[in-house]
Amino acid sequence: MSLNSLLKKIMGKPASKDVAKNRLKFALLTDKLDVKKETLKDLQKDLIEIISRYFEIDKDSISIDIQRSEECSALVFSSPIISANHNRGVPAAKIMPVHKSPANSV
Amino acid sequence: MDGKIIVVTSGKGGVGKTTITASIGAALALQGKRVAVVDMDIGLRNLDVVMGLENRIVFNIVDIIQGRCKIKQAAIKDRRIDNLYLIPASQSDDKNAIKPENMVWLCGKMRKEFDITLLDCPAGIEQGFRNSIVAADEAVVVCTPEVSAVRDADRIIGLLYAQSITPKLVVNRIVPKMVENGDMLSHEDVVEVLSVDLLGLIEMDEYVVVSTNTGTPLVLQEESKAGKALRRIALRLDGHPDLPIENPMIQKTFWKKLSSKFSRKN
């Protein structure tokens with residue numbers, strides 16, 4: 001180990017290769033989650049179709065997004081509910097988990 | 001028995017694909033195989049100059065595909081190494097001159113003529129890349145220990161798996177001193193990030209520049225560390241998959257060995 005790297009270690013600076021490795025891991029993760037705008041739009045359309053069977057929802061206030069952080073990534077879908085679609089007679093509790101599901105299930 | 005088609009690819013340009021293709025080809029021919037190396041970089045050919053065969057080009061790969069010549073007429077025989085042939089790229093066409101179905105046909109013919117055909121894939125993931133992988137049996141992915149090269153290698157590996165090809169990795173231009181100082185990704189780091197099988201490790205070597213200058217085969221340079229690593233890679237590719245991979249290390253002098261012992265105690 002050279003004097004230079006020894007000094008860096010003493011000063012608590014991380015090795016530049018560890019910085020590189022962490023940046024790489026994060027970049028590869030986000031690269032893999034890179035989804036085309038149209039794909040998300042198609043997903044949104046399908047979700048609306050399915051949810052509408054059970055709930056009356058405000059179609060204009062729906063948002064869908066992939067959120068990334070270092071620990072985990074999530075597909076976040078939020079939709080204001082106006083009322084349950086009672087004609088179906090399906091318990092609402094069964095459908096609730098649709099609101100948030102892990103991205104890796106996409 | 002039919003021969004193998006092996007593609008050498010990387011995604012990023014300038015990581016050493018062409019030198020590695022030429023060297024593995026030469027090493028395999030020295031092992032007694034009948035080898036063809038094919039330059040797939042239509043419009044930007046370079047394998048010919050790296051191999052020192054640029055003065056002997058008559059026909060090229062596009063001529064073969066468009067029926068203007070036979071494979072045997074386009075294949076240039078290397079006069080220094082027996083059983084080594086180069087099929088050069090065309091310099092005046094572009095990548096769209098060849099279609100994937102043309103490559104399937106050509107590779108079928110190459111399998112009959114040669115034990116091993118190495119395809120030197122162009123950088124990028126466009127037509128030239130698709131042409132190079134469409135009929136390949138195996139793939140060698142080259143990357144250097146840099147974030148840009150590793151990221152591109154990851155993309156390439158994904159695309160190869162989608163074609164049902166399991167790639168093997170060569171890490172090129174390792175500087176052992178920088179790795180030891182924590183200023184360069186080690187091959188362990190690269191393998192961990194890419195989670196792929198390792199085929200070989202090549203140290204940064206000035207002999208590469210010199211042998212490219214003169215167009216002489218690197219694997220004939222006995223003293224070259226890169227040449228030696230490439231000869232071992234060729235053995236691993238053909239018949240000796242379990243040959244141990246040597247990790248490039250700093251050549252330590254007596255005083256350096258002594259001082260590193262001291263710093264470990266501290």
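With 19 C-beta neighbours inside 10 Å, B:Arg173 counts as partly exposed, a class that lies between buried (20 or more other C-beta atoms within 10 Å of the residue's own) and exposed (12 or fewer), with C-beta atoms placed from the backbone. The model is predicted, and local features need pLDDT of at least 70, side-chain atom pairs count only at pLDDT 80 or more, and totals for chains, interfaces and linings use all residues. Residues are numbered from 1 along each chain as its sequence is written, while chains are lettered from A and ligands numbered from 1 in the order in which they are written.

B:Arg173 lies in strand β7 of chain B, where strands (E, at least two residues) and helices (H or I, at least four) are DSSP runs numbered from the N terminus. Although B:Arg173 is not a glycine, its phi is positive, at about 60°. Strand β7 (residues 167-174) pairs with β8 of chain B in the parallel sense over five bridges; pairing requires that DSSP find at least two bridges between the strands. Within this pairing, B:Leu169 has B:Leu198 in β8(B) as its bridge partner. Strand β8 (residues 197-203) of chain B is largely enclosed by the rest of the structure, because five of its seven residues are buried.

A positive phi in a residue other than glycine occurs also at B:Asn83, with a value near 65°. This residue is located in the loop between β3 (76-77) and β4 (84-87) of chain B. B:Asn83 is partly exposed, having 17 other C-beta atoms within 10 Å.

Helix α1 of chain B is mostly covered, with 13 of its 14 residues buried. The helix comprises residues 17-30, and at 1.5 Å a residue it should span 20 Å, which agrees with the 20 Å between its end C-alpha atoms; the expected span is 1.5 Å times one less than the number of residues. Just after α1(B), B:Gly32 takes a positive phi of about 100°.

The packing of α1(B) against another helix may be considered next. Two packed helices are described by the angle between their axes and the distance between the axes. Helix α11 (residues 225-237) of chain B packs with α1(B) at an angle of about 65°, the axes being 8 Å apart; axes are lines fitted to C-alpha atoms, for helices over the stretch in contact, and angles run from 0 to 180 degrees between N-to-C directions. From α1(B), B:Ile20, B:Ser23, B:Ile24, B:Ala27 and B:Leu28 meet residues of α11(B), including B:Leu230 and B:Ile233; a contact requires C-beta atoms, placed from the backbone, within 7 Å. The residues of this contact divide into eight nonpolar, two polar and one charged, with Ala, Val, Leu, Ile, Met, Phe, Trp, Tyr, Cys and Pro counted as nonpolar, Asp, Glu, Lys and Arg as charged, and the others, Gly among them, as polar.

Chain A has three helices and five strands, in the sequence pattern α-α-α-β-β-β-β-β. Of its 106 residues, 5% count as buried. At the interface, 14 residues of chain B are in contact with 13 residues of chain A. On the chain B side, α7 (147-162) and α9 (187-194) each supply at least two residues, and α7(B) gives the most, with four. B:Ser148 has its place in helix α7 of chain B and is partly exposed, with 15 other C-beta atoms within 10 Å.

Definitions and conventions. Two residues are in contact if their C-beta atoms, placed from the backbone, lie within 7 Å.
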